[in-house]
Amino acid sequence: MLSRVANSIYWLNRYIERAENVARFIDANYDMTLDIPDSASDQWQPLINTTGDHELFAKLYGEANRENAIEFLVFDRDNPNSIHSCVRAARENARSVREYISSEMWEQLNTFYLMINTAAKEESMDLPHQFFVDIMTASHAFIGITDSTMNHGEGWHFGRMGRMLERADKTSRLLDVKYFILLPSVDYIGSPYDNILWGALLRSASAFEMYRKRHGRIDPKKIVDFLLLDANFPRAVHYCIVTAMISMNNITGSPRGTFANKAEQSLGRLLSEFNFASLEDIFEHGLHEYLDSTQTRINALGAAVQTEFFSPQDIDSTTESRTLE
Amino acid sequence: MRFDGYDTEGFYDEVFDSQGKPRPGADLLIQRVNALPESELQRRQKAAERALLNLGITFNVYGSEAQTEKIFPFDIVPRIVQAKEWEIIERGLKQRIKALNSFIDDVYNDQNILKDGIVPAELVLSADGFRKPCIGLKPPGGIWCHITGTDLVRGGDGEYYVLEDNLRCPSGVSYVLENRMLMKRTFPMVFDACSVQPVTDYPSRLLDMLQGLANPGVRIPNVVVWTPGIYNSAYFEHSFLSQQMGVPLVEGGDLVVKDGEVMMRTTKGLERVDVIYRRIDDDFMDPTTFRADSMLGVPGLMKAYSAGKVALANAPGTGVADDKAVYAYVPEIIRYYLDEEPIINNVPTYACWREDDRQYVLENLDKLVVKAVNESGGYGMLVGPHSTVAEQEEFAKRIKANPRTYIAQPTLALSRVPVLVDDHFEGRHVDLRPYILYGAKSTYVLPGGLTRVALKKGSLVVNSSQGGGSKDTWVLNAEGGPSPESALQKEEGL
């Protein structure tokens, strides 16, 4: 397939995933602040930090409160990662590969965009929860339509790889920011708030119910284990990397455990790190350090995907590879 | 919603005759529309517009902050063409395209028609669409213009005339297909009752034709559609056609010439391209042959083309034959190459470079339509009866300064169709652009084509850039059997 087309499919999936994550973060946070009125205002700055755009936010708005955080994260056109900007970018990418994706995918994405566009023009948001649910549903519908209307060939794998890398990045950021805010709040330990706060973290990753089934009681370490290392929960970092690897192997045609280029090599290394990681080691190493290094590696991986597959001038250069003997 | 108050106001109407009776074939449509409950038609019109928006069948409107996108206005009442009429149009178009293709091939090779003085050589060689680098080219099968969209109009006398030949990159066929899809959704019952010739197989026929252009040695030819990019106003059509044909849509940056062959950059390296359906002007295709400042082009493309390594549809240089000055000679061109009389006539045309014609034009500017030969899309035009004295004086000056660049035609009383305006019908002027695929083995004329409507009251300019819209065009089957498309539709349960 054309490199340009692969690039667009990869990014349009990343953008949709990003929009969905931001919607879920806000929704979970909103819900939580209604339960804890006193500390409500404290909870919006960490949310901004989760997205990684706190510097831009400080420049545009200064101190965070509910109104400006939502404006910034949802509608602000000057924020390239606002939901509005993401969906617009996803649609622009889809427009440039409209002949490659299915009509159903395009129509879903276009309707999604028109919905956000209409909401952006409205004065007030009466039912924020419904709005965010609509966004998440639109994203889920897009994924479902993609799965059931598009060939599961190279292009589809590029899209899924993009989605998985984006999701791994967002879950690890969420954990990184929230864990350290929640931990020191010893005052809450054993109080109902404790459960509410940690529950909100899980809800931010749509993980609350599945965590309950897997581990039962709320326990910070087990939450880390679940969001980071679980191989079955679809938003856990480990699961994302496993799935990205499958797509990568399908794209390059490399057998499992081998690599055809630098991007595949670094994804493989990251995967084996997660395959053999244990919670004990992670906490010994330092959770923050571990998450930080994971994010750096995911970023580097994204850059490698960009040069190996999408940059036309590099296509002729032979890259180092290794296959099983 | 009824046609009761509808007035043809003395124009030739496509649906009603001069007595206000439905024309043959249109009565069913009128019956069904008349039977619709109050405001049902408006509701369906709105639903169709919403569908267009959701499908993203829009074009960009530039210069506004909000990046507004507009749908190409669509009127819900179809235009009906009788089988008998269509049969003549089809033969006429096939004849015309055959002659024009011979003309292009001749102009770039032996130039017999110029030597025989049928068309003035200086006129052809100075035409805006004439491309010197094309001299001596021998495209596969001797075919230059594979895809054509010819603009037809019907005058007050009820006859069809050719208004313009579009031999370069005619656009609009995607709207024909989308309009049909919408009409089948909106009016399944009416569609079922009328027996309409199908248009949906256009993409397959286009693909067949394109694949036929590849070198005989190639087993499965790689066909691509080449677009200038997403900001081109016809981008929707480019992507639609490549999607419907299942071939890659490429931009200039995706293509590169390597070892004399045209390749596309894929995730697995370079891959050869055999046939390019290019939707980009000659000038921008290859900076080493045409415009050196083209950012969209592929250096070396023309060399690969001349060497027969890649096929282009249409061939470069076809614009020489749709020059408005050359247009005036098409009847002679048909007689010269085919020894036949034209089946569809030209609109009578005054060529301002001829002394007598010019004199007549200058004396009758208030009655004529004057067109600059190098402009299209309704620009550079004077519509005499709708112009001011100052505008006429301005054009008189321009004509005297550059007679070569102007032609004039009588102001035609273009035929009209009923259009839904708020809660009633009003007559609006239309033209018709059928599409012709000229292949080595056969020529295909899409039954129907794009009916463009001048939505502004009284306006004669149908171009979308000037407030035009479109309608679905129903060419009826001769025998009145059931429509094959509606049968298909039932099967699909749509």
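Which residue takes a positive phi in the hairpin of E8(B) and E9(B)? I began there, and Asp259(B) is the one, with a phi near 50° and two residues between the strands.

**Ground rules.** I am working on a predicted model, where local features need pLDDT of at least 70, side-chain atom pairs count only at pLDDT 80 or more, and totals for chains, interfaces and linings use all residues. Residues are numbered from 1 along each chain as its sequence is written, chains are lettered from A and ligands numbered from 1 in the order in which they are written, and side-chain values use heavy atoms, with hydrogens and water left out.

I looked up the strands next; helices (H or I, at least four residues) and strands (E, at least two) are DSSP runs, numbered from the N terminus. E8 (residues 255–258) and E9 (residues 261–266) of chain B run antiparallel and are joined by four bridges. Two strands pair if DSSP finds at least two bridges between them. Opposite Val256(B) I found Met263(B) in E9(B).

**A parallel sheet in chain B.** I traced an open sheet of four strands in the order E7-E6-E11-E12, with parallel pairing. E7 (249–250) and E12 (311–313) are at its edges with a single partner strand each, so each has one side without a neighbour in the sheet. E6 (residues 223–226) runs parallel to E7(B), with two bridges between them. I noted Leu249(B) in E7(B) as the bridge partner of Val225(B).

**An antiparallel sheet in chain B.** Here the order is E14-E17-E15-E16, again an open sheet of four strands, with antiparallel pairing. E14 and E16 (381–383) are the edge strands; each has a single partner strand, so one side of each lacks a neighbour in the sheet. Helix H14 (residues 389–401) packs on this sheet and touches E15, E16 and E17, with its direction at about 135° to that of E16(B).

I then went through E17 (residues 406–410) of chain B, where four of five residues are buried (under 20% relative accessible area, with a 1.4 Å probe and protein chains only). Two bridges join E17(B) to E14 (residues 350–351), and five join E17(B) to E15 (residues 368–372). Ala408(B) stands opposite Tyr350(B) and also opposite Val370(B). Ile407(B) is the bridge partner of Ala351(B).

**Nonpolar cores.** A core is a set of buried Ala, Val, Leu, Ile, Met, Phe, Trp, Tyr and Cys residues joined through side-chain atoms within 4.5 Å. The largest has 171 residues, and Ile83(A), Leu228(A) and Ile276(B) touch the most other members. H1(A) gives the largest share of this core, 14 residues. I also logged a second, separate core of 63 residues, with Ile76(B) and Leu249(B) among them.

The axes of H1 (residues 3–35) and H15 (residues 287–310) of chain A come within 9 Å and cross at roughly 155°. I therefore put H1(A) and H15(A) down as roughly antiparallel (angles over 145 degrees, taken between N-to-C directions on a scale from 0 to 180 degrees, with axes fitted to C-alpha atoms). The contact (heavy atoms within 4.5 Å) includes Tyr10(A) and Trp11(A) in H1(A), and Phe309(A) and Phe310(A) in H15(A).

Is Ser139(A) buried or exposed? Ser139(A), in helix H7 (residues 128–149), is buried at a relative accessible area of 1%. I listed Ile16(A), Glu20(A) and Phe112(A) as residues that Ser139(A) touches, not counting residues up to four places away in sequence.

Key: Parallel < 35°, antiparallel > 145°, perpendicular 65-115°, else oblique. Buried < 20%, exposed > 50% of the residue type's maximum accessible area, 1.4 Å probe, protein only.
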